[in-house]
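Here is a short briefing on one protein structure. Keep the sequence and the 3D view open as you read. Find each named residue before you move on.

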Amino acid sequence: MSDCDFGLIGLAVMGENLALNVESRGYKVAVNNRTTSVVDNFIAGRAAGKQFVGCHTIEELVKNLARPRKVMMLVKAGPAVDSIIDTLIPLLDKGDIIIDGGNTYYADTERRTKHVEDAGLLYCGTGVSGGEEGALKGPSMMPGGSPESWEHVKPIFQAIAAKVGPNNDIPCCEWVGPRGAGHYVKMVHNGIEYGDMQLICEAYFLMKEALGLTNDELYDVFAEWNEGDLDSYLIEITRDIFSVKDSDGTYMVDKVLDRAGAKGTGKWMSQLALDLGVPSTLVTEAVYARGLSALKDERVRASEVLSGPSAKYDGDRSEFIEQIRQALYASKIVSYAQGFVQLQAAAAEHDWPLNYGDCALLWRGGCIIRAVFLDTIKEAFDKEPNLENLLLAPYFQQAINESQDAWRHVVATAATLGIPVPAFATALAYYDGYRRANLPANLLQAQRDYFGAHTYERTDKPRGEMFHTEWLKERKSPT
């Protein structure tokens with residue numbers, strides 16, 4: 001009876017699709033869902049005739065698993081995960097593995113890893129990206145947790161993961177690191193996704209508002225962009241969106257309300273960046289842009305009383321479209337650069353031995369931010385594992401240099417036309433700040449020392465040596 005290779009709890013769309021993916025690789029799968037009718041419907045429907053065992057209780061699921069038992073949860077992050085873990089622990093034996101494949105906050109995974117390991121079991125917090133299609137056909141997977149769990153889950157995870165490479169045989173799944181490392185890397189993936197989506201939306205808005213491009217023309221632009229440096233899943237689906245029509249023949253995208261939602265992972269990344277003192281400005285701006293979009297009713301009222309310039313661009317259309325493409329690419333590079341800087345800071349903070357080239361490879365296929373230029377990111381880190389910032393890699397230095405004039409023109413033109421491009425602008429500001437040896441923080445430190453005696457370092461003294469000036473006493477008396 002206990003001959004199933006894998007157990008899965010949670011048969012929502014992601015769970016169903018992942019279970020079907022595992023079974024399709026030759027594994028026998030036991031499945032369970034809190035609502036037992038969901039299990040029955042799955043077994044009678046999509047799972048019919050396949051190697052599945054439907055289980056109405058978690059106890060039944062555990063009894064059907066071969067040892068070491070591997071139980072994956074695909075349920076909503078939060079208390080439900082803790083509840084299932086507490087149910088599983090007394091049913092499992094030493095060396096059995098509990099896997100969390102949800103969008104879990106990394107600190108919860110850190111805590112749960114210790115809790116499960118203290119009970120003699122192994123825990124594997126795994127980021128899974130790719131949505132419904134990825135779960136079924138091959139997701140990007142970012143496993144972390146108890147290192148001993150990897151040898152047991154590796155064959156299954158690498159079998160079901162997306163594959164890339166010349167021979168389509170390199171799995172987008174590799175061990176990330178201990179405890180919460182897998183879920184942290186998934187969170188950064190999602191944060192970069194926020195930035196990518198906002199940048200694409202700003203490019204779209206510029207072409208629509210400033211140039212008046214039709215949806216057919218926008219389709220052609222994104223189709224062309226998807227053949228070059230910007231070749232990626234998000235550019236591809238954006239192209240497709242402009243071709244979809246409603247039943248009345250009008251374009252669906254124009255009927256979608258401009259009020260964006262969010263599930264929180266972008267906010268997590270932004271908050272943690274602040275905690276680490278890392279300037280992940282692009283994801284933060286993307287989160288704020290969604291927040292501003294949510295003020296739809298207020299914006300409608302404001303549009304009736306607040307004025308601005310005409311949004312029409314009177315220059316060369318084709319030239320401006322190419323400049324927008326270059327601005328998008330340069331900003332995208334900054335987005336990824338910031339993401340990897342945050343990963344480096346988090347790895348140092350939590351003692352995670354992350355391989356940044358492998359992280360880039362994990363995102364090369366199956367996930368939402370998959371893009372051709374991730375190969376170049378992997379090459380950069382393979383060449384220099386301790387690379388401080390992707391902007392310093394020769395390829396990206398050259399790419400930014402070639403795009404810089406267009407990037408600046410687009411941001412300046414958008415400001416002149418009154419078209420908001422917060423992600424483009426913050427990416428450029430980060431680049432300009434990062435490339436300067438000196439910033440105005442010297443004045444800021446003087447201000448802090450003036451009103452709060454916070455002290456400061458001096459340019460003519462060793463770093464780390466602190467000084468204080470009695471500014472009020474030493475100042476020039478006002479006339």
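Pro68 sits in the loop between helix H3 (58-63) and strand S4 (70-73). A cis peptide bond links Arg67 to Pro68, with omega at about -10°. That is worth a look, as most peptide bonds are trans. Keep in mind that this model is predicted.

**Backbone angles**

- Most residues other than glycine have a negative phi.
- Asp351 has a positive phi, near 60°, and is not a glycine.
- Look for Asp351 in the loop between helix H14 (317-350) and helix H15 (356-362).
- Asp351 counts as exposed because its relative accessibility is 62%, and the cut-off for exposed is over 50%.
- Thr455, also a residue other than glycine, has a positive phi near 70°.
- Thr455 belongs to the loop between helix H19 (441-452) and helix H20 (471-474).
- The relative accessibility of Thr455 is 22%, so Thr455 counts as partly exposed.

**Helix H8**

- Helix H8 runs over residues 181-210 and has 30 residues.
- From first C-alpha to last, H8 reaches 43 Å. This is close to the 44 Å expected at 1.5 Å a residue.
- Is H8 mostly covered or mostly open? H8 is mostly covered, with 25 of its 30 residues buried.

**Aromatic rings**

- A pair of aromatic rings is described by two things: the distance of the centres and the angle of the planes.
- How many aromatic pairs does a search of the whole structure find? The search finds 21.
- Take Tyr105 and Tyr106: their ring centres are 5.3 Å apart and their planes are at 65°, so this pair is edge-to-face.
- Tyr105 counts as partly exposed because its relative accessibility is 25%.
- Tyr106 has a relative accessible area of 10%, so Tyr106 is buried.
- Phe222 and Trp225 also make an edge-to-face pair, because their planes are at 65° and their ring centres are 5.1 Å apart.
- Phe222 and Trp225 are three residues apart in helix H9 (residues 215-225), so about one helical turn separates them.
- Phe222 and Trp225 are both buried.
- One aromatic cluster is formed by Tyr105, Tyr106, Tyr184, Trp268 and Trp352.

**Charges over rings**

- Arg290 lies over the face of Tyr194, 3.8 Å from the ring centre.
- Arg458 has its charged end over the ring of Phe467, 5.6 Å from the centre of that ring.

**Cysteines**

- How many disulfides does the structure hold? The count is zero.
- A disulfide needs sulfur atoms within 2.5 Å.
- Cys55 counts as buried because its relative accessibility is 0%.
- Cys172 is in no disulfide either, and the nearest cysteine sulfur, in Cys367, is 7.2 Å away.
- Cys172 has 0% relative accessibility, so Cys172 counts as buried.

Terms used:
Residues numbered from 1 in each chain as written. Predicted model: local features only at pLDDT ≥ 70, side-chain atom pairs only at ≥ 80, totals over all residues. Heavy atoms only, no water. Helix = DSSP H or I, 4+ residues; strand = E, 2+ residues; numbered from the N terminus. Expected span 1.5 Å × (residues − 1). Buried < 20%, exposed > 50% of the residue type's maximum accessible area, 1.4 Å probe, protein only. Phe/Tyr/Trp six-rings, centres within 6.5 Å; stacked < 30°, edge-to-face > 60°. Lys NZ or Arg CZ within 6 Å of the ring centre and 35° of its normal.
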